[in-house]
Structures are given as C-alpha cells and as structure tokens.
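Open the model in your viewer and keep the selection tool at hand.

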Amino acid sequence: MKLRRWIATGAVAMATLATLNIAPATAGRPYDPSNQSLRNLAMRHGLHVGTAVDLAALNDTTDPRYREIAGSEFSSVTAENAMKWESLEPTRGTYNWGPADELMAFARQHHQRVRGHVLVWHNQLPAWLTSGVADGSISTTELRQILRDHITAVVTRYKGKIWQWDVVNEAVSDPWDTPSTLHYKGFWAEHLGPGYIADAFRWARAADPKALLFYNDYNIEAFGSGNPADDKTQFVYEMARELRAKGVPIDGIGSQGHLGTQYGNFNTFQVSAALKKFAGLGLATAFTEVDVRSQLTEAVQAGDSAEINPRLQASAANFSVLMRACLSSPHCLSFTLWGFDDKHSWVPGWFDDPPEGLATVYDENYQPKLAYHELKADLIYSGPPFVLPRVPHHPRR
Ligand code: G3I
C-alpha cells in the first residue's frame, strides 16, 4: 500500500472511532464493536437509546445488576410509574417527589437524558381525583384548573431537566372500543372535551420553554387505510396537523412500539414511511415504550426450545424493524425500551389469558437475548447515505 493511501486509511479509521465516541482498543486487543454498549453505538447516529426504569428495582440492593445495566447501556431514562399522577400526588395537595427525584439524580449521575412520562393520561390517576369527579364534589371548571395546576407543578419542578415530556398519552380510542369509529376517549375527553389536549401543551410550554413536548400513543407504528375513522395513525396525524395549524406547541409524536409476535406487525419500510410523514409536519418522533411480547404456551413454560426459539427470533426481528425505521429518519430522536429485562417487565402481570412474556431484550437472569445483539448490529452496520445523524429539534413557540 502506498504511504499516502495508508495514512488516509488510518485517518478514516481514527475518524470513525472518534465519531463512535469510543476509546481505542486496549493494547493487544482488537476493537470489537459488539462489545460496546447500546448507548455508545447509538451515539454515532446522535440517537439516544433509553429504558423505562422501575424505581423499586433500581433501589433493590440484592439485585445490583439492574442498576448497573440501567446506567451503562442507556443514554436516556423514563420513569415507568414514578412520574404518573397517582405516584406524584396520592393525596390532594401533597406531592411525593421522592422517587421521581431519585430517577433525576440517577440520570444526572450517569449522564443520561430524561423523558418525562406522563402529564395527562386517563390511567393511574389518584383516587381523590376520580372519586371527586364521580361524586360531583369536583366540578368541570375546577377539574380544568386542577389539571392546569398539576401540569404546571410537575413541569416546573423539573424545568430545564427534562428532554422530552409525554404531555398527553393515549387520548385516542381503538377499533375494538365502542363505538368502533375512532374518537377521543377516556376520563379527560369525557369531562373536559378534546380541547384539553391543546390546553395541556400550552400549559406545559408555559412552565418549561425548553422541553420538547410529545403526544404519545400505541398502535401508531404505521399508517393503515388512511381513513381516520379506522386508522389510528391517520387520526393522530390529523390531530397533530390541526394542533400545529392552530399554533399549539407540540414538538413530537411518540410511537410506543408495544408489539407482539402473535401479530402480523409491519415491515421496516411501512414504519419508516410513518415516521417520515410525521416529520413532514415539522415534528420530531421517538419510539418511547418498545417491547415485543409472546404468548407463553405450556410448551414455552416447560422450556421447549422448539417453541421458544421462534419467539425469540420473531421478537428480535420486530425490535429490529423499529430500530431500523428509527435510524432511517433523522428526526427520530430516541429509541426507548419499556424495561430491559423479563424479570421486571409489565407484560406478565398484564396479560394472563393467555399468559404472555419474553418481551424484553434481556432474560430474567440478565442474559442478553437475540434482540439485544440484533439492535447492536443495526446500530453498527448502518450509516450514510441512508442513515444520517439525527437533526436536533428545538421547542416550538
Ligand atoms: O404500586 C402498587 C403497589 O403498591 C401494589 O402492591 C402493587 C400490587 O399490584 O401494585 C402496584 O401498582 C402497580 C404499578 O404498575 C406499579 O408497579 C399497578 O398495580 C400496575 O397496574 C401498574 O402497571 C403499570 C401500568 O402502566 C399501569 O397502567 C406498569 O407498571 C407500566 O409499565 C405501564 O406503563 C404503560 C405506560 O405508562 C403507557 N403506555 C402503556 C404502558 C404499558 O401498559
């Protein structure tokens, strides 16, 4: 090899390592990207890889591995439950900031960004609120003021420290609801009407002008018929377009990404197309709660590898579809797992008929599964011209 070419090749290799944000290999050991953490590998793309964090698990001193992995593999964290209304304000007027503050401190210590989850949702509301509305002791006017106060208090508490807030979560019905025509559903729409959505974004922006404000939902990974009466992605797209047209300060769409191997799911191009369409509205996107569950037949529970292996493979393929789609859009800013290990996943506690599980990228003993390795491979073996660094987004006024 000619000297000049040799020097040029070396320079390209060093530049690649520099952009990987990776220390050179230790003496005598060749550099192996598969040994790098997800967070390091994602940094080359300017992508943040995150996880939902269970505060009880994080504080469990008998199980230190949870804390180690949460701190080392991820560059972003989300409170799985600790920032929900019932956790923050179990008694009216008395806030319990402790667990949420702990997560903020953990994130700071590990140089992680935080996705705030969640300001307005119909689930996990405190009993004083739902029963007060039910028995008429909280009027509609007062309810609106309570919501405003809650958003203001929580966003102000963490002002300047939250990267992305899930401002409104799961406001839209599903085709299996009644009526089946998609509509705004749940506690807030029933009591305040859909106008609460625009209000919530405005109140959040007023409390923290620097946080990116997201609408977050499931089953919006790809477009369907294009008819908002039965295509939830289209419904959310039109909602976002209308909010933007009215000058409501929405910055992004969070696609949760709760998938199951028993479903058909989507291919990478369909998911990529959806992200690009949302980006066309000037919005950032993010995968916010990714997991891919499987049905646990008796054979699976008995350890039959002929039944387990296809599930692990299908799960890995689905994680990979979402990751590659995210990589394909420079406006897809983060990829968050809804928990990283099967021991702490919400899935087995939620789906019991038939039982489901195997939804995360580490097994119950913190052994990385095929999905973990394939996510890494997606991050390693992708780049220009079709995968470009993320475009930073700034809050809209
Ligand atoms: O805190 C109580 C505890 O005191 C009690 O002993 C225990 C007994 O069941 O329950 C505990 O509360 C549970 C809570 O998680 C904290 O572990 C609730 O029962 C349980 O319902 C709750 O589940 C959470 C679920 O949201 C509630 O809707 C899951 O952990 C959480 O992963 C899940 O997350 C949601 C996202 O926020 C929004 N998108 C869907 C996603 C999955 O459902």
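**Stop one: the largest cavity**

Start with the largest cavity, which holds about 40 Å³ of space. This is a predicted model: local features need pLDDT of at least 70, side-chain atom pairs count only at pLDDT 80 or more, and totals for chains, interfaces and linings use all residues. Residues are numbered from 1 along each chain as its sequence is written, and side-chain values use heavy atoms, with hydrogens and water left out.

A cavity is a set of points on a 1 Å grid over the protein atoms alone where a 1.4 Å probe fits but cannot get out; lining residues have an atom within 4 Å of a point. Volume is the space filled by probe spheres set on the points, which are joined across faces, edges and corners.

Select Lys84, Trp85, Val118, Leu119, Val120, Trp121, Asn123, Gln124 and Leu125 to show the lining. Strand E3 (residues 113-120) gives the largest share, three residues. Strands are DSSP runs of at least two residues, numbered from the N terminus.

**Stop two: the second largest cavity**

Next, select Trp121, His122, Asn169, Glu170, Ala171, Lys185, Trp188 and Tyr196, which line the second largest cavity. Its volume is about 30 Å³.

**Stop three: Asp166**

Now pick Asp166, in strand E4 (residues 164-169). Is Asp166 buried or exposed? Asp166 counts as buried because its relative accessibility is 1% (buried is under 20% relative accessible area, 1.4 Å probe, protein chains only).

Show contacts (heavy atoms within 4.5 Å). Beyond its neighbours within four places in sequence, Asp166 touches residues including Val118, Leu119 and Phe214.

Key. Helices (H or I, at least four residues) and strands (E, at least two) are DSSP runs, numbered from the N terminus. Buried means under 20% relative accessible area, exposed over 50%, partly exposed in between (1.4 Å probe, protein chains only). On a 1 Å grid over the protein atoms alone, a cavity is a set of points where a 1.4 Å probe fits but cannot get out, and a pocket is an open set with protein on both sides within 12 Å along at least five of seven lines; lining residues have an atom within 4 Å of a point.
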